[in-house]
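Have the model open beside you as you read.

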Amino acid sequence: MKGWTQAVAFDYDGTLALHGRVTGDARKALADARAGGLVLLLVTGRRAPEMHRIFPQSEELFDAVVSENGALLSVRGSTLRLASVLPAEFSTRLTELGIDYELGECILSCDISRVQDVTQTIAQLKLDLQVVPNRGRVM
């Protein structure tokens, strides 16, 4: 198909990774696919720093990484933010409420048991944010 790019996008959790890990066979298949001319994209809800920590090979195996539920696009070491940074008042308020959370560049993740507190905080602060459940977490 002249003029077309053939690309494949992979989700990380439960698709590419089993029990949080990518096997050697999977890494080899990705490298072979890329060497064969496919453009490979990694798509994940995980925060970018977490993704780098648990799967450091992602930068070499994929042409682009979309992380933080689509908020960040990383290509060849450059990152483009596709969403706004969270207001500091939001994370400050969650800290005051005793909510343990992990902060990314554009998303915040906490245990899904705190969804009501998070939703109420967004409403009280009149923030234009969405709450998305993802594998026992809320983002």
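The largest cavity holds about 50 Å³ of space. Here a cavity is a set of points on a 1 Å grid over the protein atoms alone where a 1.4 Å probe fits but cannot get out, and its volume is the space filled by probe spheres set on those points. The structure has 1 cavity of 30 Å³ or more. This is a predicted model, in which local features need pLDDT of at least 70 and side-chain atom pairs count only at pLDDT 80 or more, while totals for chains, interfaces and linings use all residues. Residues are numbered from 1 along each chain as its sequence is written, and side-chain values use heavy atoms, with hydrogens and water left out.

Which residues line the largest cavity? They are Ala-48, Met-51, His-52, Ser-58, Glu-59, Val-65, Ser-67 and Ser-74, where lining means having an atom within 4 Å of a point. By type, the lining divides into 3 nonpolar, 4 polar and 1 charged. The largest share, 3 residues, comes from α2, and α2, α3 and β3 each supply at least two. Helices (H or I, at least four residues) and strands (E, at least two) are DSSP runs numbered from the N terminus.

Rings of Phe, Tyr and Trp (its six-membered ring) pair if their centres lie within 6.5 Å; planes under 30 degrees apart are stacked, over 60 edge-to-face, and the rest tilted. The count comes to 3 aromatic pairs, including these:

| Pair | Geometry | Centre to centre | Angle between planes |
|---|---|---|---|
| Phe-10 and Phe-62 | edge-to-face | 6.2 Å | 70° |
| Tyr-12 and Phe-55 | tilted | 5.6 Å | 35° |

Tyr-12 lies in the loop between β1 and α1 (24–35) and Phe-55 in the loop between α2 and α3, so their pair ties together parts 43 residues apart in sequence. Buried means under 20% relative accessible area, exposed over 50%, and partly exposed in between (1.4 Å probe, protein chains only). Tyr-12 is buried at 0%, Phe-55 is buried at 2%, and Phe-10 is partly exposed at 22%. Phe-10, Tyr-12, Phe-55 and Phe-62 form one aromatic cluster.

Note on methods: On a 1 Å grid over the protein atoms alone, a cavity is a set of points where a 1.4 Å probe fits but cannot get out, and a pocket is an open set with protein on both sides within 12 Å along at least five of seven lines; lining residues have an atom within 4 Å of a point. Ala, Val, Leu, Ile, Met, Phe, Trp, Tyr, Cys and Pro count as nonpolar, Asp, Glu, Lys and Arg as charged, and the others, Gly among them, as polar.
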